[in-house]
Amino acid sequence: MTLRNDHLFVDPSLDPSALQEATPDAVLRWAVQSLDRIAVATSFQSSGLVILHHLRTIKPDIPVLFLDTGFHFEETLRFRDTIAEMWDLKVVTLRGEHGNAEEQAKIYGSELYRRSPDTCCGINKVKPLQTALEEYDGWISGLRRDQSPLRAETPIIEAQLLPSGNEIMKIHPLARWNKSDVDAYRLAHDIPSHPLLEMGYGSIGCWPCTRAIKAGEAERDGRWEGSSKTECGIHSFGKPHGPQQSEAEQ
Ligand code: SF4
């Protein structure tokens, strides 16, 4: 893929459809100028780091939403803290209603993530994010079309309906990029990588639901092994013109 290096003229009244071929930089500039209340959500993996790096010059004080599920690898939490300090990020930590894994186990029993990962993701990811998004007009995510067949149609910008009925914008500045583009950008700008990537992990979520990938496997093949689940649910709820996801599925 060849990406343009020039920046589009940024006009907040620009029709979002005009951004489909724009650079991530141009998409982000349009988003922060068009949406008064905007946040970025990340788990501090490579795509998220590329977006955060762009935002350092575009909107350095943007709220950085981090879903602390209570099941993250220690490496993820330490890496989050390192990057947050290095780039002076305004991290907003989101937690499920039970606060941590121990409290969740008192109500749902141990290892809910094995018995019902959709319920576990709903409690610790989907609902906290939905609640937090009520305060925003839009959010930015690092989704890319090359990550999985389910993400192959990811638009640059789409509407997302919250359970309250409020509609917000969801922005995917890297939708057209592939893994090589991300790695090249990260290397060119001397951005550190999540330590588990160097240990063979392709995509890093919670420790009970993530394993390193083997040679020939796709980036997200190490997520939710032994189940048909491939997404946590934060990217599939509330698409006004797409398939709706039930509470049970979240
Ligand atoms: S990824 Fe696994 S541990 Fe994390 S919230 Fe979802 S089911 Fe629970």
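Here are some questions and answers about this predicted model.

Reader: To get my bearings, how many helices and strands are in the protein?
Author: Let's start with the order of the pieces. Read along the sequence, the pattern goes α-β-α-β-α-β-α-α-α-β-β-β-α. Count them up and the protein has seven helices and six strands.

Reader: What percentage of the residues count as buried?
Author: A residue counts as buried if 20 or more other C-beta atoms lie within 10 Å of its own. The protein has 250 residues, and the share that counts as buried is 38%.

Reader: Which class does H2 with H7 fall into, oblique or roughly parallel?
Author: Start with the angle and the spacing. Helix H2 (residues 46-58) packs against helix H7 (residues 179-188) with the axes 10 Å apart and an angle of about 50°. Angles under 35 degrees count as roughly parallel, and roughly perpendicular runs from 65 to 115. The angle therefore makes H2, relative to H7, oblique.

Reader: And is the crossing of H2 and H7 left-handed or right-handed?
Author: That's a separate point from the angle, which is about 50° for H2 and H7. Their crossing is left-handed.

Reader: Which residues make that contact, and how do they split by class?
Author: From H2 you get Ser46, Ser47, Leu49 and Val50, while H7 brings Val182, Asp183, Tyr185 and Arg186. Sorted by class, the contact of H2 with H7 has two charged, two polar and four nonpolar residues.

Reader: H2 also packs with H1, so what is the handedness of the crossing there?
Author: Helix H1 (residues 24-34) and H2 sit with their axes 10 Å apart, at an angle of about 55°. H1 and H2 are therefore oblique to each other. As for the handedness, H1 passes H2 in a crossing that is right-handed.

Reader: How many nonpolar residues are in the contact of H1 with H2?
Author: On the H1 side there are Pro24, Asp25, Leu28, Arg29 and Val32, and they meet His54, Leu55 and Ile58 in H2. In this contact of H1 with H2, one residue is polar, two are charged, and the nonpolar ones number five.

Reader: Is Lys59 buried, exposed or partly exposed?
Author: Lys59 is in the loop between H2 and strand S2 (63-67). Within 10 Å of Lys59 there are 17 other C-beta atoms. Buried needs 20 or more and exposed needs 12 or fewer, so Lys59 is partly exposed.

Reader: Glu111 has a positive phi, so is Glu111 buried or exposed?
Author: Glu111 isn't a glycine, yet its phi is about 55°. You'll find Glu111 in the loop between helix H4 (101-108) and helix H5 (112-115). It has 12 other C-beta atoms within 10 Å, so Glu111 is exposed.

Reader: Trp224 has a positive phi too, so is Trp224 buried or exposed?
Author: Phi of Trp224 is near 50°, and Trp224 lies in the segment after H7. With 22 other C-beta atoms within 10 Å, Trp224 is buried.

Reader: What about the ligand: which helix gives the largest share of the shell around it?
Author: There are 13 residues around the ligand, with Pro117, Cys120, Cys121, Cys206 and Cys209 coming nearest. By class, the shell around the ligand has nine nonpolar, three polar and one charged residues. The largest share of that shell, five residues, comes from helix H6 (residues 117-133).

Definitions and conventions: Residues are numbered from 1 along each chain as its sequence is written. This is a predicted model: local features need pLDDT of at least 70, side-chain atom pairs count only at pLDDT 80 or more; totals for chains, interfaces and linings use all residues. Axes are lines fitted to C-alpha atoms, for helices over the stretch in contact, and angles run from 0 to 180 degrees between N-to-C directions. Helices (H or I, at least four residues) and strands (E, at least two) are DSSP runs, numbered from the N terminus. Angles under 35 degrees count as roughly parallel, over 145 as roughly antiparallel, 65 to 115 as roughly perpendicular and the rest as oblique. A crossing is left-handed if the near helix is turned anticlockwise from the far one by less than a right angle, and right-handed if clockwise. Two residues are in contact if their C-beta atoms, placed from the backbone, lie within 7 Å. Ala, Val, Leu, Ile, Met, Phe, Trp, Tyr, Cys and Pro count as nonpolar, Asp, Glu, Lys and Arg as charged, and the others, Gly among them, as polar. A residue is near a molecule or strand if its C-beta atom, placed from the backbone, lies within 6 Å of it.
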